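Trainee: I would like to go through a structure feature by feature. Please show me how to read each one.

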Amino acid sequence: MNGDCSDMRFVDKASNVLSYYIESGCNTSSTKVWVKTNLTANTSKDVYLYYGNPSAANGSNGTATFEFFDDFNGASVDTTKWTVGGSMTQSNGVANGTTTGTDYLFGKTRINIDTLTYIKMRYKSTLGIARPGVLQTNGNPFSVVGFGWQ
């Protein structure tokens, strides 16, 4: 396997290439990889991992793998993905805001309320409480990802 895991590829039984995202631990015993499959309740699917092509380009892609994804590695908050409140910024994989209660991000992607949702967030605060979550309004079958401070 390539040192940066760029040669990893996932396919199903019909040889369809599956989207994937390498979260962490590339080439370790604790490598975390998410693979997008099309499963319904009480079904299973064979997934095959291929590797060993030294010239393969990295195919890890969070946007293609998840309904909603942002690793906050761009130069600024992506306003096509987020409604920004206050002075939220981002750098080096971290979204930053103040704890005054006015800084927040609300996702613009509507997610079916019955969708399993995984939010990974770390925060450092001395004045407030970070509030990550999936936001829903009464009677609305969709929700959005959001977080802010209180």
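**Reading the surface, the fold and the charged pairs**

Mentor: Start with the surface of this predicted model. Met-1, Leu-49 and Tyr-51 form a nonpolar patch there, with about 310 Å² of accessible area together.

Trainee: Where does Leu-49 lie?

Mentor: Leu-49 is part of strand E5, which covers residues 47–50.

Trainee: Is Leu-49 buried, partly exposed or exposed?

Mentor: A residue is classed by its relative accessible area: under 20% is buried, over 50% is exposed, and anything in between is partly exposed. Leu-49 has 39% relative accessibility and therefore counts as partly exposed.

Trainee: Which secondary structure elements does the protein have, and how do they run?

Mentor: There is one helix, together with twelve strands. From the N terminus, the order is β-β-β-β-β-α-β-β-β-β-β-β-β.

Trainee: What share of the contacts joins residues 24 or more positions apart?

Mentor: Among contacts with a separation of 6 or more, such residues account for 49%.

Trainee: Now the charged residues. How many salt bridges are there?

Mentor: The general idea is that side chains of opposite charge can pair when their charged atoms come close. The rule asks for a side-chain nitrogen of Lys or Arg within 4 Å of a carboxyl oxygen of Asp or Glu. By this rule the protein has two salt bridges. In one of them, the side chains of Lys-45 and Asp-12 meet at 3.9 Å, N to O. That pair links distant parts of the chain, 33 residues apart: Lys-45 is in the loop between strand E4 (32–35) and E5, and Asp-12 is in strand E1 (residues 9–12).

Trainee: Are Lys-45 and Asp-12 buried or exposed?

Mentor: Asp-12 is buried, because its relative accessible area is 8%. Lys-45 counts as partly exposed, at 32% relative accessibility.

Trainee: Which residues pair at 3.5 Å?

Mentor: Asp-46 and Lys-13 do, through their side chains, in a salt bridge with that N to O distance. Asp-46 sits in the loop between E4 and E5 and Lys-13 in the loop between E1 and strand E2 (17–18), so the pair ties together parts that are 33 residues apart in sequence.

Trainee: How do Asp-46 and Lys-13 count by accessibility?

Mentor: Asp-46 is partly exposed, at 39% relative accessibility, whereas Lys-13, at 64%, counts as exposed.

Technical notes: Residues are numbered from 1 along each chain as its sequence is written. This is a predicted model: local features need pLDDT of at least 70, side-chain atom pairs count only at pLDDT 80 or more; totals for chains, interfaces and linings use all residues. Side-chain values use heavy atoms; hydrogens and water are left out. Helices (H or I, at least four residues) and strands (E, at least two) are DSSP runs, numbered from the N terminus. Contact means heavy atoms within 4.5 Å. Patches are made of residues with over 30% relative accessible area and no salt bridge: like charges are joined within 9 Å, nonpolar side chains (Val, Leu, Ile, Met, Phe, Trp, Tyr) within 5 Å. Accessible areas come from the Shrake-Rupley method with a 1.4 Å probe; for residues, only the protein chains shown count as cover. Buried means under 20% relative accessible area, exposed over 50%, partly exposed in between (1.4 Å probe, protein chains only).
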